[in-house]
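Have the structure open as you read.

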Amino acid sequence: MSSRIRIAIIGGGLAGAFMANALKKISHLDVQVYESAPEFSERGLGIGLSRLALQALEEIVPNATDFLKKEAKAVAIGASRIVMGSGPEAGTVVCDIEGDTGLATTRGPLLKALLSLLPKDILHAGKKLTSLKQTASGVDLTFGDCTTAHFDAVIGADGMHSTVRKYILQGEAEEHLASPTGLWECRNLVPVEKAKAALGEESFEVDREYCWTGDGGFMMHALVENGTMVQCIVSATEEDSPPDRRRKVTREMLENAFARGWLDGPVARGMIELMLDQEELIGYSIWDHKRTPTYSKGRVCIVGDAAHTVSPYQGAGGGLAIEDALVLGHLLGAISSIKVIDAAFKAFDVVRRPRCQAVVDSSRATGQLLTGQDSQIGIGAVDMGKALGPLFEHIDALDLASHKQMALDEFGKQVDLAVSIIICTVNRTSTMIAS
Ligand SMILES: Cc1cc2nc3c(=O)[nH]c(=O)nc-3n(C[C@H](O)[C@H](O)[C@H](O)COP(=O)(O)OP(=O)(O)OC[C@H]3O[C@@H](n4cnc5c(N)ncnc54)[C@H](O)[C@@H]3O)c2cc1C
């Protein structure tokens, strides 16, 4: 190739950063990243990367595990125990999940570490994409500051409310916006002594995460920051979701949410006190993408939450974004000309969409199960324990090597298809001219 293929990544969150790292080592690509916020940053929430997510990241960032332990204070994911939190079985263990299956870190330091591996001059903050248009020569971008840019191709990593997604889905976009899962959650980070006083010493005798499941809600607490702090999460069902997903949470709301057999149990009253121990408690409705008809349109495609917003119940959204980056990087590394970018994006769509939608669906199902909303399973330690395994198994069962190969095979098919369409069109045109 005489000149490098110019690719814009829209969005400098984790998906954009994984993508940029996957593409930066491909010598025939010139990659630029545009972030709407005044600076590249992430909220300080915890994030767990599963064994498979980490395996995929190791292919993108060599020695990723050691790098993240050093640069993002990542630690091995600990063991967790799921326990009944409501009803007659309150306190009964549902199941134990072994630890050391991946890495846990916080998003801010993770993003910072990933961005530190990229050349500074490819990162453009304060650039909100407002519109895009495909032309015969590529994609024209317009930003909120009235500047424009032209690229050969565009990858949208611009999150749940993605502008690039709306462009790709066009008339179908409204129908496929992210929508409520029927659950909301709130969080707090508290000193370990406070958590022990509220929840009892016995919950901290073994270094493991506790998830409490029951009727209408779910609670979780885990030691973080070298055992000095405890991350507390409370999730419950909702009938209505605020349009911006945010709601101020009060004691009354929490007590109502956990009224069904929780308040006499071992954990709810303590967790409610821990939640309210902050200046203002804000809860967020959990939304996801129920269906996405396609991830690509010509030379534009979407990755990460823009393509598949996932609820947090399996901690899998970040991992999917890493897999996206690995597969799309593999495809774009194989292209030999601008003319086949759309075939690479189409192959990405064909291979990635079923995989990602399966995880979006299993994550939502896990949230419903853990809050007692699965009408088939109901609320009971034995049945819930049996149902959880199959919901999680497929996440780390993906064979990355075959998945990448499937994407390359599909790319070949898409290129052949494009060539046969061109030949047919040429033949038809010649026949018309001849007649
Ligand atoms: C509560 C919660 C807990 C989670 N826990 C886990 C976990 O433990 N493990 C895990 O793997 N995943 C987890 N996830 C999912 C994970 O956080 C996301 O999937 C991941 O962060 C990928 O995000 P993203 O970069 O695609 O989107 P975002 O984080 O939304 O980033 C999008 C970026 O694009 C920018 N942007 C938006 N519009 C424009 C525009 N028009 N122009 C330019 N820039 C734009 C935004 O400012 C933002 O920086 C969790 C999610 C939630 C909500």
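In which helix is Glu410 found? Glu410 sits in helix α13, residues 400-434. Before going further, a word on ground rules: this is a predicted model, where local features need pLDDT of at least 70, side-chain atom pairs count only at pLDDT 80 or more, and totals for chains, interfaces and linings use all residues. Residues are numbered from 1 along each chain as its sequence is written, and side-chain values use heavy atoms, with hydrogens and water left out. Helices (H or I, at least four residues) and strands (E, at least two) are DSSP runs, numbered from the N terminus.

Buried here means under 20% relative accessible area, exposed over 50%, and partly exposed in between, with a 1.4 Å probe and protein chains only. Leaving aside neighbours within four places in sequence, Glu410 is in contact with Ala347, Val350 and Val351; contact means heavy atoms within 4.5 Å. Its side chain also makes a polar contact of 2.8 Å with the side chain of Gln414. A polar contact is a pair of N or O atoms within 3.5 Å; within protein, one must be able to donate a hydrogen and the other to accept it, and residues adjacent in sequence count only if both atoms are side-chain atoms.

Gln357 has its place in helix α11 and, at 13% relative accessibility, is buried too. Not counting residues up to four places away in sequence, Gln357 touches His289, Lys290, Arg291, Thr292, Tyr295 and Arg364.

Arg247 belongs to strand β17, residues 246-248, and is buried with a relative accessible area of 15%. The side chains of Arg247 and Glu238 are joined by a polar contact of 2.9 Å. Beyond four places in sequence, the residues that Arg247 touches include Trp184, Asp240, Met253 and Leu281.

Take α12, residues 381-397: at 1.5 Å a residue, its 17 residues should span 24 Å, and the end C-alpha atoms are 25 Å apart, which agrees. That expected span is 1.5 Å times one less than the number of residues. Ala381, Met384, Gly385, Ala387, Leu388, Leu391 and Ile395 are buried in α12, and they pack against α2 (51-60), β5 (79-84), β6 (93-97), β14 (208-214) and α11 (341-370). An α-helix has 3.6 residues a turn, so residues three or four places apart point the same way.

Over in α8 (residues 268-276), the buried residues are Ala268, Gly270, Met271, Ile272, Leu274 and Met275. Their cover includes β13, α6 (192-199), β15 (217-224), β16 (229-237) and α7 (251-257).

**The ligand**

Of the 29 residues around the ligand, Glu35, Gly48, Arg107, Asp305 and Gly318 come nearest; a residue is near a molecule or strand if one of its heavy atoms lies within 4 Å of it.

| Residue | Protein atom | Ligand atom | Distance |
|---|---|---|---|
| Glu35 | side-chain N or O | oxygen | 2.6 Å |
| Leu129 | backbone N or O | nitrogen | 2.9 Å |
| Gly319 | polar backbone atom | oxygen | 3.2 Å |

The protein covers 83% of the 1,000 Å² of accessible area that the ligand has on its own (Shrake-Rupley method, 1.4 Å probe; for residues, only the protein chains shown count as cover). The largest share of the shell, 3 residues, comes from α10.
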